[in-house]
Amino acid sequence: FSPVLFQSLSGLETDVKVFKETLLEILDEEKLLKELCLSSEQLVSHQSNSRIDLTEEMELLVENYYRQAEDLANAARELKVLIDDSESIIFINLDSHRNVMMRLNLQLTMGTFSISLFGILGVAFGMNLESSFEEVRLV
């Protein structure tokens with residue numbers, strides 16, 4: 001897998017972490033929540049006909065953003081784990097193929113060595129034996 005993708009996920013994870021910390025800071029300070037409200041009117045809820053303060057609504061919105069950021073961070077973390085798992089599976093597969101190639105190389109080397117041993121034995125004994133071919137002159 002591409003290291004660029006892994007770095008992008010790490011960057012996204014860092015950005016989401018900073019975003020979550022900022023949201024928590026906003027949620028902790030009532031003053032910041034009030035500054036986020038652009039108007040000071042109160043809204044009427046259409047479902048329950050109860051009055052909701054704008055700061056309470058802003059707090060609900062920020063909490064919703066925080067949950068979405070948490071979900072995004074979890075998804076990025078899961079993707080990084082999946083990438084790590086996929087890389088390890090690929091490396092295990094490559095190691096297996098490398099081991100097969102090394103075993104084949106060893107078997108071919110052993111075969112070549114044993115054939116050369118039989119050749120050396122034949123050469124050593126063949127040079128010392130006399131046969132009738134040495135006495136025939138064809139040229």
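Asp-28 has a relative accessibility of 66% and therefore counts as exposed; exposed means over 50% relative accessible area, buried under 20%, and partly exposed in between (1.4 Å probe, protein chains only). The model is predicted, so local features need pLDDT of at least 70 and side-chain atom pairs count only at pLDDT 80 or more, while totals for chains, interfaces and linings use all residues. Residues are numbered from 1 along each chain as its sequence is written, and side-chain values use heavy atoms, with hydrogens and water left out.

Asp-28 lies in helix α1, which covers residues 3-28. Helices (H or I, at least four residues) and strands (E, at least two) are DSSP runs, numbered from the N terminus.

Glu-13 also lies in helix α1. Why does Glu-13 count as buried? Its relative accessible area is 18%. Setting aside neighbours within four places in sequence, Glu-13 is in contact (heavy atoms within 4.5 Å) with Ala-73, Arg-77 and Lys-80.

For the chain as a whole, the elements are three helices and two strands, in the order α-α-β-β-α along the sequence. Of the 139 residues, 13% are buried. Among contacts between residues at least 6 apart in sequence, 62% join residues at least 24 apart. The accessible surface, computed by the Shrake-Rupley method with a 1.4 Å probe and, for residues, with only the protein chains shown as cover, comes to about 11,800 Å². Carbon and sulfur atoms account for 62% of that surface.
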